[in-house]
Amino acid sequence: MKHVTAALACLLAMPAFAAAPSALNVAGAQALVAAPAKGVRLLALWSLDCAYCEENLSALAAFQRTHADVELVFIATDPIGEGAALEARLKAAGLDAVPSRAYADATPERINFLIDPTWGGETPRTLAIKADGSRKGASGALDAGRIARLVD
């Protein structure tokens, strides 16, 4: 019994790491684009083959650390079957603490449209959704100033 208790204590003392991205289906997309109760929700769309995405995700994570009213969610447009590669990329970039989703629908274009009907599918893409229901989207790499304008 002492060994079981000691093993359990060791497991509880280990640092927690974010899990692999969870599956994003139509219902999940609809929930993500709903207005948050307060503040701003930033949806950061990215993909494994995007040259500027890691830089963009890093800038968004840095911004969120200094803005408590900002909820940040990473959404990979890659299929959930690529979960291990997505998790590895986020972990290598030190971004694995941010909640992450990946497409899990047979028609990814449908999820694209639900997230942002004006979006052409390019990455990186960031969508800011405010508590009042208003939205702003931006494509391309973001810096702190551009993020601030997006959430204002």
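Residues are called buried under 20% relative accessible area, exposed over 50% and partly exposed in between, with a 1.4 Å probe and protein chains only. The structure is a predicted model, in which local features need pLDDT of at least 70, side-chain atom pairs count only at pLDDT 80 or more, and totals for chains, interfaces and linings use all residues. Residues are numbered from 1 along each chain as its sequence is written, and side-chain values use heavy atoms, with hydrogens and water left out.

Salt bridges were examined to begin with. A salt bridge is a side-chain nitrogen of Lys or Arg within 4 Å of a carboxyl oxygen of Asp or Glu. Side chains of opposite charge can pair when their charged atoms come close. The structure holds three such bridges. One of them joins E71 to R41, with the closest N and O atoms 3.0 Å apart. E71 lies in strand 3 (residues 70-79) and R41 in strand 2 (residues 40-46), so this pair ties together parts that are 30 residues apart in sequence. Helices (H or I, at least four residues) and strands (E, at least two) are DSSP runs, numbered from the N terminus. E71 is partly exposed, at 35% relative accessibility. R41 is buried, at 10%.

Another bridge links E54 and R89, whose closest N and O atoms are 3.4 Å apart. E54 sits in helix 3 (residues 53-65) and R89 in helix 4 (residues 83-92), so the pair ties together parts that are 35 residues apart in sequence. E54 is partly exposed, with a relative accessible area of 34%. R89 is also partly exposed, at 27%. In a further bridge, R125 pairs with D116, and the closest N and O atoms are 2.6 Å apart. Both R125 and D116 are buried.

The nonpolar interior was considered next. A nonpolar core is a set of buried Ala, Val, Leu, Ile, Met, Phe, Trp, Tyr and Cys residues joined through side-chain atoms within 4.5 Å. In soluble globular proteins, nonpolar side chains tend to be buried together. The largest core here has 26 residues. Those with the most contacts inside it are L42, W46, L57, L60, L72 and F74. At least two core residues come from each of strand 2, helix 3, strand 3, helix 4 and helix 6 (144-151). Helix 3 gives the largest share, five residues. Contact means heavy atoms within 4.5 Å. Not counting residues up to four places away in sequence, L72 touches L42, A44, L60, A61, Q64, V98 and P99. A second, separate core has 14 residues, including A29, L43, I111 and I115.

Helix 4 has the buried residues G83, L86 and L90. Seen down the helix axis, they fall within an arc of 65 degrees, so they line one face of helix 4. The arc is that of the directions from the helix axis to the C-beta atoms. These buried residues pack against strand 2, helix 3, strand 3 and strand 4. The face turned away from the buried side carries the exposed residues A84 and A92. Just after helix 4, G94 takes a positive phi of about 70 degrees.

Finally, A104 lies in the loop between strand 4 (100-103) and helix 5 (108-115). A104 is partly exposed, with a relative accessible area of 32%. Leaving aside neighbours within four places in sequence, A104 is in contact with A23, L24, N25, I80 and I111. A104 and T77 are 27 residues apart in sequence, and their C-alpha atoms are 9.2 Å apart in space.
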